[in-house]
Amino acid sequence: MPLVGSFAGASARAYGLGAGVALPGNFESIATTTLSSNQSTVTFSSIPQTYLHLQLRCSILGSVAAGNSAKMQFNGDTATNYSYHYLYGNGAIVASVSGTTQDSGYIEFTGNTTSPSANIMDILDYANTNKYKTVKGLEVFDMNGPTGYVSLNSFNWRSTAAITSIVVTAFSGTLNTNSIFALYGVKA
Amino acid sequence: MAKTYEPISTQTLGTAPTTVTFSSIPQTYTDLVLVFNSKSTTLNYPFLTVNSDTGANYSRTYLAGSGSAATSGRQINPLFIYLGGDAGHDASNFNYNNIVHLMNYSNTTTYKTILSRANNASTGVDLVAGVWRNTAAITLIDLKIPSAGVFSIGSTFTLYGIKAA
């Protein structure tokens, strides 16, 4: 299990890249979920197959003091078909971690109900049926006193299936009220 | 289909100011993205304030790579958000660029989180988390330079809005 959850004390997290500039005319909103109550899971289903890439932009609030992690799974696949690499800093240390045969990719988010994380996850070539799927993420949060976290990361889903659904599930605790999950499609 | 990602305003500097301001920002988007390519008269690091708030209401955590070392640091209660750690302006070339994401900027319930990815091929690359501890909607952004420096003529700044469904 990754990062944020293991953060208590000296910790860290990592990841980053992306967050580049899509051409404005090629960027379309697919669906958005704004939480009106604390929930453990957010789901995007029936994702249209008409784009080249997806971008999931999140502002996530939580209540696990040291920060939290959420699983990110595609097409309901909960088998050990994921792997990841992170580069991260927490204001004190810089570290890099990786994991193989994971049962999900991960999203890291704040343990605070007022200072949300910023997560920008690019899901590349998601509709392609000839190759595994790669996600790159930029994820940050800062809670002023307790901790901060910035990371560049990537995870891989070892399936050639087109991605038709995305499920984000809090590792522990919840995704809190007023969190926003917005899914966009990027056309070629 | 309605436009999702739209330019709000672009500035190409014809003078050399110490501050670049985007004001009267429309409240009709979900996120803002500020893209800029700039140079200065001295080696320095641009910083940001919002809504003209110069109080100790910000914080930041950064990850920086200089080419020889990776570092991470934090500032608690600063008067602004530095947008870089190793990537900063240089005085001779337009090597510096940055893409700053201001997430959920118009909501009036949560503090505002800013993600900055700065690059200078000569000095380094940075990722920054910045927070403005205020629940007010962001209506104004000031990009500034430390004293003794100015933004050089020819620097470009574009503010985009991203609208969720």
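## Confidence and ground rules

Chain B has an average pLDDT of 95, and 99% of its residues score at least 70; pLDDT is the predictor's confidence in each residue, on a scale from 0 to 100. For the complex, the predictor gives an ipTM of 0.95 and a pTM of 0.93.

This is a predicted model, in which local features need pLDDT of at least 70 and side-chain atom pairs count only at pLDDT 80 or more, while totals for chains, interfaces and linings use all residues. Residues are numbered from 1 along each chain as its sequence is written, and chains are lettered from A and ligands numbered from 1 in the order in which they are written.

## Chain A at a glance

Chain A contains 0 helices and 12 strands. Both kinds of element are DSSP runs numbered from the N terminus: helices are H or I with at least four residues, strands E with at least two.

Of the 188 residues in chain A, 54% count as buried. A residue is called buried if 20 or more other C-beta atoms lie within 10 Å of its own, exposed if 12 or fewer do, and partly exposed in between, with C-beta atoms placed from the backbone. Among the contacts in chain A with a separation of 6 or more, 82% come from residues 24 or more positions apart. Here, two residues are in contact if their C-beta atoms, placed from the backbone, lie within 7 Å.

## A four-stranded open sheet

Look next at an open sheet of 4 strands in chain A, with the order 2-11-4-7 and antiparallel pairing. Its edge strands are strand 2 and strand 7 (105-109), each of which pairs on one side only. Neighbouring strands of this sheet are turned by 20° against each other on average, direction ignored; the axes are lines fitted to C-alpha atoms (for helices over the stretch in contact), and angles run from 0 to 180 degrees between N-to-C directions.

Two strands pair if DSSP finds at least two bridges between them. Strand 2 (residues 41-44) of chain A is joined to strand 11 of chain A by 4 bridges, and strand 4 (residues 68-74) of chain A is joined to strand 11 by 5 bridges. Another 5 bridges link strand 4 to strand 7 of chain A, where Asn68(A) stands opposite Phe109(A).

## Strand 11 up close

Which residue of strand 11 is the bridge partner of Phe44(A)? That partner is Ile166(A), and Phe74(A) also stands opposite Ile166(A).

The side chains alternate along strand 11 (residues 166-170) of chain A.

## Where the chains meet

The contact draws 42 residues from chain A and 39 residues from chain B. Several strands of chain A each supply at least two residues to the side that touches chain B, among them strand 3 (53-60), strand 5 (82-89) and strand 8 (117-124). The largest share of that side, 6 residues, comes from strand 1 of chain A. By class, the side of chain A that touches chain B has 24 nonpolar, 15 polar and 3 charged residues; Ala, Val, Leu, Ile, Met, Phe, Trp, Tyr, Cys and Pro count as nonpolar, Asp, Glu, Lys and Arg as charged, and the others, Gly among them, as polar.

## The nonpolar core

The largest nonpolar core has 97 residues, of which Ala70(A), Val140(A), Val150(A) and Leu83(B) touch the most other members. Such a core is a set of buried Ala, Val, Leu, Ile, Met, Phe, Trp, Tyr and Cys residues joined through C-beta atoms within 7 Å. Its largest share, 6 residues, comes from strand 10 (residues 124-132) of chain B.

Leaving aside neighbours within four places in sequence, Val140(A) is in contact with residues including Tyr149(A), Val150(A), Leu115(B) and Leu127(B). Gly137(A), in strand 9 of chain A, counts as buried because it has 29 C-beta neighbours inside 10 Å.

Most residues other than glycine have a negative phi. Ser46(A), which is not a glycine, has a positive phi of about 50°, and Ala148(B) has a positive phi near 85°.

Ser46(A) lies in the loop between strand 2 and strand 3 of chain A and counts as exposed because it has 9 C-beta neighbours inside 10 Å. Ala148(B) sits in the loop between strand 11 (141-144) and strand 12 (156-162) of chain B, and is exposed, with 10 other C-beta atoms within 10 Å.
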